[in-house]
Amino acid sequence: MSDGPSLIRDLEALEQEALEATADATDPDDLEAVRIRFLGRKDGRISGVLRGLGGLDHTERPAVGAAANRVKGVVSAALDARAASLAAESGPDSALDLSLPGRRAWAGGKHPITLVLDEIWEVFRSMGFTRARGPEAETEWYNFEALNTPLDHPAADEQDTLYLEDSVLLRSHTSPVQIRTLQNHAPPVRILAPGWVYRRDTYDATHTPAFMQVEGLVVDEGVDFVDFKATLAEFARRFWGPGTRIRLRPSFFPFTEPSAEVDVKRVITLPDGSTRETDWLEIMGAGMVDPAVLDAAGVDSERYTGFAFGMGPARIAMLKYGVTDLRTFFENDMRFLAQFAPGGEA
Ligand code: DAH
């Protein structure tokens with residue numbers, strides 16, 4: 001027959017045992033078995049002590065009951081804490097499903113205009129051109145006068161050009177790079193100069209106040225109109241494919257004489273495999289360098305001749321990708337831009 005003090009000692013021993021078993025449990029199933037072994041309502045060892053209260057002298061019951069409840073509380077709290085720490089340790093592991101396909105790292109991609117610029121550059125590089133660049137803040141002299149454009153010419157009007165201060169402006173085209181290049185490099189010169197240009201234009205489907213241009217310039221002894229046309233025709237074939245034709249339409253630019261607008265007619269393959277020629281599409285302005293431009297840059301115009309051209313890669317990207325609104329290039333909608341990225345999705 002047990003008495004109160006010996007039951008309390010038993011409870012304390014059980015408490016110790018239960019806490020050790022709890023600490024030793026290494027997974028939730030283990031832990032649940034410990035809970036049942038000590039606290040289970042039917043066969044739990046601590047619960048069993050409580051059930052034995054009835055056989056005690058009533059003066060001893062309160063002390064044993066209180067001890068049993070304290071031990072139950074302590075063991076129960078230890079079991080809960082251990083359950084939480086096991087869940088925290090095993091949480092991520094048990095959520096790891098090795099059969100799931102991996103999440104692809106998003107690599108990003110080049111902007112469509114950059115892609116077109118790269119392709120243009122690649123074609124001219126293969127024809128022996130090198131890169132040139134010039135400042136975006138230019139003087140009136142480089143932007144206009146040296147390019148045979150008097151300041152009272154409509155292009156020099158403040159309506160069209162963004163002036164920074166007296167006679168300093170944001171270049172309205174990349175043509176001033178022609179002058180800067182010729183001032184620093186004696187012919188032969190064969191350069192491609194991509195860069196930003198600025199105009200006081202309203203932002204709409206075909207205009208942006210800041211846009212890219214690519215300038216080309218070839219100056220050497222004996223450069224003639226045949227070199228000019230053959231170079232541009234070769235560019236068009238390498239860029240758009242072998243069947244591409246070009247057409248020169250007479251035009252006017254102050255810095256070239258004669259001047260031309262260059263159109264291309266491409267061959268496209270239809271889904272059924274047949275081919276068709278496109279309409280003529282304008283891709284650039286060009287011409288033979290005006291001797292006055294060579295003179296302004298300090299190049300002997302009796303000895304040297306050349307040709308130049310300027311194109312807008314955004315316009316070429318629109319033609320190439322069938323984009324009808326220029327603004328889509330600048331609004332950074334990932335659903336649009338991601339179509340040009342290697343992975344192809346945002
Ligand atoms: N600078 C001209 C423009 O912005 C484009 C251009 C036309 C450049 C003829 C040239 C050229 O080099 O020869 O509209």
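Modeller: Start with a term. Two strands count as paired if DSSP finds at least two bridges between them. Keep in mind that this is a predicted model.

Biologist: What makes strand 7 and strand 8 a pair?

Modeller: The cut-off is at least two bridges. Strand 7 (residues 245–253) and strand 8 have eight bridges, in the antiparallel sense. They therefore pair by the definition. A hairpin of two residues joins strand 7 to strand 8.

Biologist: Which strands make up the open sheet, and in what order?

Modeller: The sheet has seven strands in the order 1-5-6-12-11-8-7, and the pairing is mixed. Strand 1 (130–131) and strand 7 are the edge strands.

Biologist: What makes those two edge strands?

Modeller: Strand 1 and strand 7 each pair on one side only.

Biologist: How do you know which strands pair with strand 6?

Modeller: Count bridges again. Strand 5 (residues 189–198) and strand 6 share 10 bridges, antiparallel. There, W196 stands opposite M212 of strand 6. Strand 6 and strand 12 (residues 305–311) share seven, also antiparallel. Among those partners, E215 faces G310 and V214 faces M311. The threshold is at least two bridges, so both cases count as pairs.

Biologist: Why is strand 6 called largely enclosed?

Modeller: Buried means under 20% relative accessible area. Nine of the 11 residues of strand 6 (residues 210–220) are buried, so the rest of the structure largely encloses this strand.

Biologist: Why is F307 called buried?

Modeller: Its relative accessibility is 1%. The limit is under 20%, so the label follows. F307 sits in strand 12. Beyond its neighbours within four places in sequence, F307 is in contact with residues including G216, L217, V218, F228 and M288.

Biologist: What labels do N148 and N332 get for accessibility?

Modeller: N148 has a relative accessible area of 32%, so it is partly exposed. N332 has 54%. Exposed means over 50%, so N332 passes that limit. N148 belongs to the loop between helix 6 (140–143) and strand 3 (163–165). N332 lies in the loop between helix 10 and helix 11 (334–337).

Biologist: What makes the backbone of those two worth a look?

Modeller: Most residues other than glycine have a negative phi, and most peptide bonds are trans. Phi of N148 is positive, near 60 degrees. N332 also has a positive phi, about 55 degrees, although it is not a glycine.

Biologist: Where are the cis peptide bonds joining P187 to P188 and E257 to P258?

Modeller: For P187 and P188, omega is about 5 degrees. P188 is in the loop between helix 7 (176–184) and strand 5. For E257 and P258, omega is about 0 degrees. P258 lies in strand 8.

Biologist: What lines the largest pocket?

Modeller: The largest pocket has a volume of about 1000 Å³. Its lining has 40 residues, with R199, F211, Q213, F253 and G310 nearest the centre. Strand 11 gives the largest share, five residues. By class, the lining has 17 nonpolar, 16 polar and seven charged residues.

Biologist: How far apart are the centres of domain 1 and domain 2?

Modeller: Their centres are 87 Å apart, taken over C-alpha atoms. The assignment gives domain 1 as 4–89 and domain 2 as 112–340.

Key: Residues numbered from 1 in each chain as written. Predicted model: local features only at pLDDT ≥ 70, side-chain atom pairs only at ≥ 80, totals over all residues. Heavy atoms only, no water. Buried < 20%, exposed > 50% of the residue type's maximum accessible area, 1.4 Å probe, protein only. Helix = DSSP H or I, 4+ residues; strand = E, 2+ residues; numbered from the N terminus. 1 Å grid on protein atoms, 1.4 Å probe; cavity = no way out; pocket = protein on both sides within 12 Å on 5 of 7 lines; lining within 4 Å. Points joined across faces, edges and corners; volume = space filled by probe spheres on them. Nonpolar A, V, L, I, M, F, W, Y, C, P; charged D, E, K, R; others polar. Domains from an automatic or database assignment. Contact = heavy atoms within 4.5 Å.
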